[in-house]
Amino acid sequence: MTAPAPVPSPSPGSSAGTVVGVGAAVVGGLGAAVQTRVNGSLAEHVGSGFGAAVISFGSGLLWLTIAVACWPAARAAVGRVVSALREHRLRRWEVLGGTAGGFYVAAQGLTAATLGVALFMVAVVAGQSTSSLLVDRIGLAPGGVRLITLGRALGPLLTVVAVAVAVSGSIGTVPSVGLAVIPFLAGAFQSWQQAMNGRVRAVAAVPGDRFAGVAAATFGNFVVGTVALAAAFGVSVLVVGWPTGTLPTAWPLDLVLYSGGLLGIVFIAIQAAVVHRIGVLLLALGMIAGQIVGALVLDVVVPGVAPPGPAMYAGATLTLLAVAVPVVESRLVRRRR
């Protein structure tokens, strides 16, 4: 297998598309921050992080199944993915991005209530930004190889510093700050998930309907993620017993707690739709900006949650600076050309 060729320099006319793509990623990040709060609260109610993740991902799969069943172009796109797998134009590991999505949702249920949304998101940011640089350099996303530049390298480095600053102010208040390793890994796996979803979308694209391929990639993501989470939940039941809160008769009545699946559909669909245009790193950084802003707002306004301290604000500010560095660099390079 030959190595993917580097992506040619974008043309000046692509600037508007990049801005729109990054803007969409920011919206996706806001949705991810809200989903973290929702799934963390649901896990507290049902008494199981894996159980809450199954409910969240399973509800998203239910909505997507209904949508695909009623959408002829989306059904055709799913058929294209199946055909590509049979003909080996799409390798089996390329459709497993949903496992990373399942791990991310499970991490929300297992750690968000303890760490707080802001610290959770800052840890996710560190993993996501550093791994996205590697994913782009290897060329796993459908856009091909994107070379490492000073700005693209400095952004992830600043996010690591940001996490260190944010965690330094939380050691005395968070019962187990070591839990931040879990969302860090969840963020790292997200970059691979974004690249895989972009590959599936490219294969599933249906002429005349630009969103059908996105729907197929998102649907496949939820199928794989739900199966993986159900298996993880089964293992947890064998180890610690069945959590009574996961029985349907014990589920909370607050419908907002079941919105995690819909929120997941939104930001996973955005990932699949724009990753081929802006690459994994810019997608990750755009989502990071939305995640950090949304997380801080939620930790400030949600009742019963301790507000972020000065270190968390400093860490979030550094994170947003890290997001800006490669974006500004790319615009400067484009102007010089």
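Predicted model: local features only at pLDDT ≥ 70, side-chain atom pairs only at ≥ 80, totals over all residues.
**Entry 1: serine 236.** Serine 236 lies in helix α8, and when I left aside its neighbours within four places in sequence, I found serine 236 in contact with Phe50 and Gly241. I also looked up glycine 49, which is 187 residues away from serine 236 along the chain, although the C-alpha atoms of the two are separated by 9.8 Å.

**Entry 2: the chain as a whole.** I then stepped back and noted that the chain has 10 helices and 0 strands, with the elements running α-α-α-α-α-α-α-α-α-α from the N terminus on. Of the 337 residues in the chain, 52% are buried. I looked up the contacts between residues at least 6 apart in sequence as well, and 84% of them join residues at least 24 apart.

**Entry 3: helix α8 against helix α3.** Two packed helices are described by the angle between their axes and the distance between the axes, so I looked up both. The axes of α3 (residues 72-86) and α8 (residues 212-240) come within 8 Å and cross at roughly 60°, which means that α3 is oblique to α8. The crossing of these two helices is right-handed. Which residues make the contact? From α3 I listed Ala73, Ala74, Ala77, Val78 and Val81, and from α8 I listed Ala212, Gly213, Ala215, Ala216 and Phe219.

**Entry 4: aromatic rings.** How many aromatic pairs does a search of the whole structure find? The search finds 6. One of the pairs I looked up joins phenylalanine 233 and tryptophan 242, whose rings are 5.3 Å apart from centre to centre, with 75° between the planes, and this pair is edge-to-face. Phenylalanine 233 counts as buried, because its relative accessibility is 11%. I also noted tryptophan 251 and tyrosine 258, whose ring centres are 6.0 Å apart and whose planes lie at 35°, so this pair is tilted. Tryptophan 251 has a relative accessible area of 31% and is therefore partly exposed. Finally, I wrote down that Tyr104, Phe120 and Phe267 form one aromatic cluster.

Note on methods
Residues numbered from 1 in each chain as written. Heavy atoms only, no water. Axes fitted to C-alpha atoms, helices over the stretch in contact; angles between N-to-C directions. Helix = DSSP H or I, 4+ residues; strand = E, 2+ residues; numbered from the N terminus. Parallel < 35°, antiparallel > 145°, perpendicular 65-115°, else oblique. Left-handed = near helix turned anticlockwise from the far one by under 90°. Contact = heavy atoms within 4.5 Å. Phe/Tyr/Trp six-rings, centres within 6.5 Å; stacked < 30°, edge-to-face > 60°. Buried < 20%, exposed > 50% of the residue type's maximum accessible area, 1.4 Å probe, protein only.
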